[in-house]
Amino acid sequence: MRTETPVAVKLKDYTPYPFEITVVTLDFDLGAQKTVVKAALSITPRGQGAMRLDGEALHLNYVAVGLAGEPSKPVDPADFTVDARGLTLHAPPQQPFVLETEVEISPEANTALSGLYLSGGRLCTQCEAEGFRRITFYPDRPDVMSSFRVRMVGPKDEFPILLSNGTPGASGDLANGRHYAEWIDPHKKPAYLFALCAGDYDVLRDTFTTMSGKHVDLGIHVDKGDAPRAAWAMDALKRSMRWDEEAYGREYDLGVFNIVAVRDFNFGAMENKGLNIFNSAYVLADESTATDFDFEAIESIVAHEYFHNWTGNRITCRDWFQLCLKEGLTVFRDQNFSADMRSRPVQRIKDVIKLRARQFAEDAGPLAHAVRPDTYGAIDNLYTATVYEKGSELIGMLRRMIGNDKYREGMDLYFARHDGQAVTIEDYYACFEVVSGRDLSDFRRWYAQAGTPEVRVTEAWDPATGTLKVELSQSVKPTPGQPVKHPLPIPLLCALLDGKGGHTAEPFLHVLEKSNETLELKVPPGSPRPSLSVGRDFSAPIRIDRNLTREDRLALVKAETDPFNKWDGLQTLIKDEIIALSDGSQTNPDHELVAAIASAVRGAKDDPAYAALLTRLPEVGELFLDRQPADPVALAAAQKKLKTALYHQLANEVSETLKAAPPAPYHPGAEQASIRAMRTAFIGLLSASDSRDAAPALYGLYERAPNMTERLSTLRALMFTKGGAKSEAISHFEALWKNNPLVMDKWFSVQASTGTAEDVKRLIAHPAFDLKNPNRVRSVIGAFAMQNLAAFHAPDGSGYRAVEATILAADKVNPALGARLITAFEQWRLLEPKARAEAEACLKRLVEAGLSENAMDIAGRALAGGA
């Protein structure tokens, strides 16, 4: 196990690869214990010098070189070098040639789940970001784009289905019970998009006809017996294909599209050209095993990976510093797809909740980095909320500033100009400069500058002239490596409200470009003072600070016409309330605020999903940025107190709603999911009621639950009650679902996210806890460390001690997983002194015990801290 800090890779050091690889021919002799990979690379030199190929965990059998049209000859051992990181050909030919290699790999021993590995007795690959080097020697970088031809041979009884990228070619039986299959991908691609799957699957098949009349065969490959549970994923795929045609004019470009679901997977899914590989959690769903959240996630992730076909595959990244170009852009596309499939205001709020919880925290800690950083240590650690969620917000700001029509024109130009290329952020924005006639160089500073901007808004009202003078100022706190910040162009969607649920004028967009600016907004003389609505629809990824009293904020919430700002205005008031309750400056929740929340909920009864969001209280981690030093235990107690008060305000509504039967028959679509969201919200409120009747009522709902959405929400609610009902429900759920791994992940997660350090120790010791399965590890360690902050950050350090040995063990098995778990410490410097000292000590113990390079990158930056 290497424990050195990884060497930094710098954007300024980028140079093109000095060889063009036109065709890659791969021949696999498949086996679980040993797979033999023969590779033939057709190469054209672009310059002089040695040829470096990446390679890890490969046993090399031979290297041969042949000039075009001539047979290959073995390379003299003195003319090449193999080390732990790859192969160097010291003096390659200076004319077109073919490089042949043969290597042996062991999929069964590959617990890192990167490259070719075994999952559930089936072979699959994960090559992003740098996994292809674990399959064969190759320049494993995104700007080397080649045509791939693949031939697979293996035992037919063990691997009856053989899949790869592109279009199926010849296939057939061979001697000794073996068979073969060939695949040809007509589109050039980088190695990170290579995919191979081999095994025995159930297959859900369907077809799609594109807008030009082309026929596409669709297949979703799953565990035996699970094909019916892939129906929603198939439905989401077909809707995604149609949406991309209608919204972006993008038609699918192959005759087949396959998805394979695997249980052991480091991520959610992977967009390999024509062969998407998914974590089975984001494919398999039915009403008895999956929640509405699961169905929404499947819909979103299926869309995301499909949309990558154009934004990521047909056009890819020149280098990994441009990762946001494919990920941020594709997140923006999948968010808008989800908004069109469901409720746009509700989807916007959910997207912002995720951004604030994950990305704002990242920006405020030692792991802060720019959307396009100028350096990174381990590439796997660049797959962050900043790249994905903040990257998406930047695309949204661009569209808001230039308008929908120019945005579509710019995207059309981008596809036409760069199809088949590996490009940069500058290439992308050049297209929008052409269609809009605007210089966007200042806007691109968003990609280079880390941190969350804060915009301060102060107002002065002159009744004599009917003028509202608005002072705007922006600032960004220093972040690691960037002590000095510069102003950014910030689009602020604003409106003047008359206090009666209307506008005094149409909403307008103001782009704040300087550190300080002044607006003078006029209404007819003699008019009452209007309310200013600013940052509507969350028009920029910023924090807004306003000089408003609580009474002003309550009045603005009542006057607000923008769904996001109404919700956000309440959230701001709730945050202030929880902080006041947590630090002792306030003993009991403010009755007027609680009544205002309840009133807003009642007023949104026609949109139950939105009403459910109005009952939401900020998570403890979200409050770290508003209260420092942060005391998670006190914040959690204050949150509970406010939740109890809200329950009592809405007790009648809670009772009436939960007495009614859930919608039936079950459908995962938006209309029913909205109703169930309200029921779930009220079940959560009931758990905070402190009533002796709560546990029996919740257990009754648990027993009668007709779907997993209600069963899991009641199980979670029971975790906050006292008495035997909680234990009885936990035992019943386990007995019912012990043979279903995905549902058991939920069972583990519910307990870890609500329990104590001792509960986590018990779960880690459970026979079904599997250190080699990322889903299971995340369901315990991830849920505890990232959702149960009061217990994880306990001031006595018990939370850290409960998980540190497992984090170390997971890191040794799977470095990508170990590194991701350590990101739970990203806000440790914001904690109150006792917890902060314990967190620092834990991080140091982890480092001293020996971490992988991936984990060392995270831990080292977390400990270094500071700007």
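Strands β14 and β15 (residues 178-189) run antiparallel and are joined by five bridges; two strands count as paired if DSSP finds at least two bridges between them. This is a predicted model, where local features need pLDDT of at least 70, side-chain atom pairs count only at pLDDT 80 or more, and totals for chains, interfaces and linings use all residues. Residues are numbered from 1 along each chain as its sequence is written, and side-chain values use heavy atoms, with hydrogens and water left out.

**The sheet**
- D173 has H179 in β15 as its bridge partner.
- Helices (H or I, at least four residues) and strands (E, at least two) are DSSP runs, numbered from the N terminus.

**The nonpolar cores**
- A nonpolar core here is a set of buried Ala, Val, Leu, Ile, Met, Phe, Trp, Tyr and Cys residues joined through side-chain atoms within 4.5 Å.
- The largest one has 152 residues, and F28, F194, V283, Y407, Y414 and Y428 touch the most other members.
- Apart from that core lies another of 114 residues, with M678, A757, I781 and L846 among them.
- Beyond its neighbours within four places in sequence, F28 has contacts (heavy atoms within 4.5 Å) that include V36, I135, V153, F194 and L196.

**E560**
- You'll find E560 in the loop between α9 (550-559) and α10 (563-582).
- E560 counts as buried because its relative accessibility is 6%; buried means under 20% relative accessible area, exposed over 50%, partly exposed in between (1.4 Å probe, protein chains only).
- Leaving out neighbours within four places in sequence, E560 touches L497, S533, R536, N565 and K566.
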